[in-house]
Each structure stands twice: as C-alpha cells, then as structure tokens.
Amino acid sequence: MFVVLAVLIMLSSLATVMTKSIVRAATYLLFVLLGTAGLYFLMGYTFLGSVQVMVYAGGIIVLYVFSILLTEGAKDESFKRKAKDASWGFLLSLVGFVAFLSVVLTHQFKSEVLGGPSESASAVTTISSIGHGMLSSGEGGYLLPFEAVSVLLLACIVGALIIARKR
Amino acid sequence: MFDFSIITNWLHDFLMGTCGFAEWGAILTESVLVALAIITLYAVFAIALIYMERKVCAAFQCRLGPMRVGKWGLLQVFSDVFKMLTKEIISMRQSDLFLHNLAPFLVVTASMVTFSCLPWNMGAHIIDFNVGVFFFLAISSIGVVGILLAGWSSNNKYSLIGAMRSGAQIISYELSIGMTMLAMICLTGTMSFSEICQDQYVNGWNIVRGHVPAVIAFLIYLVAGNAECNRGPFDLPECESELTAGYHTEYSGMHFGYYYLAEYLNLFICAGMASTIFLGGWAPLHIYGLEGFNGVMDLVPGAVWFLGKTFFVVFLLMWLRWTFPRLRIDQILSLEWKYLIPFSMVNLVLMALCVAMGWHF
C-alpha cells in the first residue's frame, strides 16, 4: 500500500513541475497532497490525514485554482523556458536534494528509540488527547504556539479587511 | 436492537474458516463486497431521489409529474438513466480535455466517500474513524475542486461564472456547517459517527437533549446544507435563466450524469448527516418512562429508522427548494457572512454553556 501511494506521490509531483498549464499543475499538486494524506491514514493517524485533506485539498488548492481563475484565466499556456533558467533550477534542486539526503541519513529519528508507528493503527491518537495537548500549558503542551497562531490569523483577517474595505 | 455486526462477523468467519482465505484475502474480498454495495446503493438512491424530486416538485406546482412511463411514471427515471448511458460523450476542441474528463470523477468520488460515512444501522458503519465528523467535512471539500476545474476546463464563460459562484458559495457555507456540527459535537463529546449514534440510542436524540441550541443548530444546518448542495433558493451556480446550466453546461452523456448523480446524492448525504447528528441516526424513538413503547420501537430495524428520518429531511429540503424563489449572489453571501456565521458562533457558545452547566437532558 505504501508503494502505491509513494509511486502516486512521485509521479504526480513530477507531473506538477513538468506540465505547462498552471491549472493542471494545481490539479497534480492536489494528487500529491491527497497521497500524503493517504500516508497519514496508513500510519493510523486519521486526525492528521483529515487535516491534510481539509487544509490542503479543500483550502489551499481551492485558493490556488480560484486565484488562477481570477487572474490569468486561459491565457497561461506558454511561458518560455530558457536553458539558463533550467540549469539554475537543476543546480538549486540538486543542492536541495543533497541537503535533504544528508539530514535524513544523519538524523537520529525518534522512531528508532520509541519503536515507531505501525501500519496496523494499534495506538490511535484520540481527538480528546490532541485537544488536551493543544490547550495545556505544562510540559509538552502547545498553548503558546496555539495562541501565537491565533494572533497571526487575527492579524491576517485585519489585514485582509484593510485591503478590501471601501474607501 | 438488531446489530448488523453479527452479519459482518459471520461473513468474516465464513471467508476465513469455510473458504480458507488468508486474513488479507478475506479483508480484500470484504472491501470489494462493501464497495459494490455502496455503488449499488448510490445508484438506487439516486433513482429514488430523482423520482421523489419530480413528484414533490409536481405536487407543489399542482401538477401530476411523470405519469406516462409505467404505473405512476415509475419507470420514467429508469428510462432516463438508459438515455443518459447511451448518449455520446462529446469532446471539444479548445478545451483542456484531461481536466474536463477528470472533474466529474473528482465530484462523484468525494460524494461517494462522504456517502460511505453515513451510519446505516447499529454495527453497519463503513468508514468510522475516531475523527469521523472532521473527516466527513474534509472529504466533502474536495468536490469544490472538481466543480472549479469543470468550469475552467469547459472554456466557456458561463461555466466559469457558474463554477466561481459555486466555489464561493460552498466555501462560505462550509463554515456554518462546521460551526453547527461543532456545537453538536460539544454536546455528544465524540466525533465518531458510531459513538454519536450509540450515545443518542442511550440518552435520547440530540435535538431533544440539546433543546434550544440544538434546534437553532438544526435550522442553521438545514439552510447551510441546502446551499452546500447548490440547491433550493441557492442554485445560483446553475441558474438557467442567466448561465444556461452553470458549470456543467458543456458536459454530455454520462459525464453530465455524474454531476446529476452527485447533486442528488449530496442532498441525501446532507439529509443523512442531519438525521445522524440531530435526529439520532439509526437510534429509534424512545420516550422516557414508556418501557413498552420503547420495546416496540426497538423491534424496528435501525436502517428503517435511518432511512425514514433521512427521507423526512430530504422532503423538508425539497419543500424549501420548490417554495422559495432564487436569491442573488450578493444576497447569498451576505446571508452567510452577516447572519448565519454570527448566529452559529453565538449558538456554539450557548451550547458550550449548556454542556458546562449541565442544562441539557
């Protein structure tokens, strides 16, 4: 099952960067994100999988498609690729790949210490434990990041209102 | 109360024991069987709902509805289905064919996955996660992408406008659906559909248990759910007087049929969710203190209760649809953002207060 999802993710992410039409790229990106959600479901972490589907598939992709529709429309077919741009892109992605690989290979993962998640979904994280973790201020609690994110979102709303208000 | 898990357990044992399947083989066979059952139910309910819509619509307009094909027009929908299946699927030049063909499948897949979240009977939950309600909301938001892609890939400005309207409307009304569901989760204390139903089987239906805030939430849910299905007074994305048929103008044959299916099944899913969360799902009607009455009610299978409640809510939604005239797009958006969201937020606080103070039954 993992192999199916991994192949889906890889092929769609390749298609995302290879395609010329920007709306198609957004659609392939949707499949990448859904595949990632599938990985979370495979690990038995249904909450994170649902969040992935809701935020990325339902939110971000819709936002992308909306902004594409509102700005460019159908006239986005051909933006020219120069050879120089391609080589720069190749170089940058190579650097990124090496950095990623070095981190993956050298990092001491906690799963090796703790045993790691199993595919059989034996230990299901319940929504109430997530809620308690989110609002506890003690050790391992996430109250401060939670509040910081809510302040950030409030700032976003106020900013959007200022941009969109009638003068 | 009849427990459906007896049948599923029997099937599992039968496959494992008598047929000698391995564990994975048995699970694979069961998954295929369940998928077949879902697809069959999906088609059957679509046919039933289309017939019901025509008859209800006719009744509200003082007409008879379909009468010619079969007794009381019963075979009309079947012949329509065959007509749809035999039609040619037209592929157009100047449009993105890949996305154009993909879009109906996105819509119908999202609708089918949400369809399988519904609790049919005690022990007959197909997708039953610990975060069930949240999963339901998440999956239902994929359908919007399909609608937007359909509008864009048709290369037709009416389709595009229809898709944009639909997208704006669905995204907006999702918020108040989420808020009302959150209020009810606050009451039940769980997000899993099976536990929500079990809780209502033991403690009584949520709409009775939660009294005032639950009734407010139910009304808001009905309005928002109607808008979410692009129906009723909110069918702006496909209003034929302005946009021919909105985002599915350019579709033909079965690709159009998928949108048609998904529209009716979304209505059914919306009503099914209302009956699960507010009206008890498969939980029978219990009146506190009347043990004999409760015993008789327990004899009726849960699936009958669930379908009865769901078709009752479907009838309410059809009533709404054929009674009110269509709104304008700015009226729709201001109804959501200026009225429903503030009301549902206040309602959420009210429900939290009720639960915290123990004011519910």
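Chain A averages a pLDDT of 79, with 82% of its residues scoring at least 70. So much for the opening number. This is a predicted model, please keep that in mind. Chain B has a mean pLDDT of 82, and 98% of its residues reach 70 or more. For the complex, the predictor gives an ipTM of 0.76 and a pTM of 0.84.

Where in chain A is the mean pLDDT lowest, and where highest, among its elements? The lowest is helix 5 of chain A, residues 110-114, at 58. The highest is helix 7 of chain A, residues 143-164, at 90. A reminder on reading such values: where pLDDT is low, the predicted coordinates should not be read in detail.

Now the layout of chain A. It is divided into domain 1, residues 1-73, and domain 2, residues 127-167. The C-alpha centres of these two domains of chain A lie 25 Å apart.

On to the contact between the chains. Chain A puts in 21 residues, and chain B puts in 25. Which helices of chain A supply at least two residues each to the side that touches chain B? Helix 2, residues 22-42, and helix 3 do. Helix 3 of chain A gives the most, with 12 residues. By type, the chain A side divides into 14 nonpolar residues, six polar and one charged.

Let's stay with helix 3 of chain A, residues 46-71. Two helices of chain B concern us here. Two packed helices are described by the angle between their axes and the distance between the axes.

Partner one is helix 5 of chain B, residues 132-140. The packing angle is about 25 degrees, and the axes are 8 Å apart. Helix 3 of chain A and helix 5 of chain B are therefore roughly parallel, since angles under 35 degrees count as such. Their crossing is left-handed. From helix 3 of chain A, the contact uses Thr46(A), Ser50(A), Val53(A), Met54(A) and Gly58(A). From helix 5 of chain B come Phe134(B), Phe135(B), Leu137(B), Ala138(B) and Ile139(B). The tally for this contact of helix 3 of chain A with helix 5 of chain B: seven nonpolar, three polar, no charged.

Partner two is helix 6 of chain B, residues 142-153. Its axis and that of helix 3 of chain A come within 9 Å and cross at roughly 15 degrees. That makes helix 3 of chain A roughly parallel to helix 6 of chain B. This crossing, of helix 3 of chain A past helix 6 of chain B, is left-handed. Helix 3 of chain A contributes Ala57(A), Gly58(A), Ile61(A), Val62(A), Val65(A) and Leu69(A). Helix 6 of chain B answers with Ile142(B), Val144(B), Val145(B), Leu148(B), Leu149(B) and Trp152(B). How do the residues of this contact of helix 3 of chain A with helix 6 of chain B divide? Into 11 nonpolar, one polar and no charged.

Last, a pair inside chain B. Helix 7, residues 157-188, packs on helix 15, residues 329-357, at an angle of about 10 degrees. Their axes are 8 Å apart. That makes helix 7 of chain B roughly parallel to helix 15 of chain B. The residues of this contact divide into 19 nonpolar, six polar and two charged.

Key: Residues numbered from 1 in each chain as written. Chains lettered and ligands numbered in written order. Predicted model: local features only at pLDDT ≥ 70, side-chain atom pairs only at ≥ 80, totals over all residues. Axes fitted to C-alpha atoms, helices over the stretch in contact; angles between N-to-C directions. Helix = DSSP H or I, 4+ residues; strand = E, 2+ residues; numbered from the N terminus. Parallel < 35°, antiparallel > 145°, perpendicular 65-115°, else oblique. Left-handed = near helix turned anticlockwise from the far one by under 90°. Contact = placed C-beta atoms within 7 Å. Nonpolar A, V, L, I, M, F, W, Y, C, P; charged D, E, K, R; others polar. Domains from an automatic or database assignment. pLDDT = per-residue confidence, 0-100.
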